[in-house]
Amino acid sequence: MTLEISRNVAIPDNEIELQAVRAQGAGGQNVNKVSSAIHLRFDIRASSLHPGFKEKLLALKDRRITRDGVVVIKSQEHRTQELNREAALVRLKELIKPILYGDKPRRETKPSRNAKRKRADQKTKHGQKKRLRGKIDG
């Protein structure tokens, strides 16, 4: 089985390390005995992703990516290991997906005639207000 990011990109299971750990925080008697939280580790450099995607991922300023290029995601919001595993995989997918598609190109726009007029009016009013604050000639 693989984690499918898009139609053309998938990550094999052997590249994603999932480890069950005990969840932190309050939770009653059961929390101390059951390892329901999941630590997901994904080594970007050792993965089968396209080199261009690896570069973009490593360039991200995300606290989940270590200096060594390993993505570390901890999921503990659900009560069961299976749901936490799914949540961690979804978060990994959400981290990688934007890199595949890139940014939408910016379309240049001009301010409308009305927007220009409103801005000029605001500047005039602001100037008048500042003039009124000045010394009174008399």
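This is a predicted model: local features need pLDDT of at least 70, side-chain atom pairs count only at pLDDT 80 or more; totals for chains, interfaces and linings use all residues.
In which element is Gly127 found? Gly127 lies in helix H3.

**Fold and extent**

The protein has three helices and five strands. Read from the N terminus, their order is β-β-β-β-α-β-α-α. The radius of gyration is 26 Å, well over the 14 Å that the globule rule gives for 138 residues, so the protein is more spread out than a compact globule. The C-alpha trace spans about 85 × 45 × 30 Å along its principal axes. Among contacts between residues at least 6 apart in sequence, 55% join residues at least 24 apart.

Of the 138 residues, 26% count as buried. The accessible surface of the protein comes to about 11300 Å², and carbon and sulfur atoms account for 48% of that surface.

**Confidence**

The mean pLDDT of the protein is 85, with 92% of its residues at 70 or more. Confidence is lowest in strand E1 and highest in helix H3. Helix H3 is also the element that holds Gly127.

**Two residues**

| Residue | Relative accessible area | Class |
|---|---|---|
| Gly127 | 25% | partly exposed |
| Ser36 | 11% | buried |

The cut-off for buried is under 20% relative accessible area. Gly127, at 25%, therefore counts as partly exposed, whereas Ser36 is buried because its value is 11%.

Gly127 and His39 are 88 residues apart along the chain, and their C-alpha atoms are separated by 59 Å.

Ser36 sits in the loop between strand E3 (16-21) and strand E4 (37-43). Which residues does Ser36 contact, leaving aside its neighbours within four places in sequence? On one side of the sequence these contacts include Val21 and Ala23.

How values were computed: Residues are numbered from 1 along each chain as its sequence is written. Side-chain values use heavy atoms; hydrogens and water are left out. Helices (H or I, at least four residues) and strands (E, at least two) are DSSP runs, numbered from the N terminus. The radius of gyration is taken over C-alpha atoms; the globule rule is 2.2 Å times the number of residues to the power 0.38. Buried means under 20% relative accessible area, exposed over 50%, partly exposed in between (1.4 Å probe, protein chains only). Contact means heavy atoms within 4.5 Å. Accessible areas come from the Shrake-Rupley method with a 1.4 Å probe; for residues, only the protein chains shown count as cover. pLDDT is the predictor's confidence in each residue, from 0 to 100.
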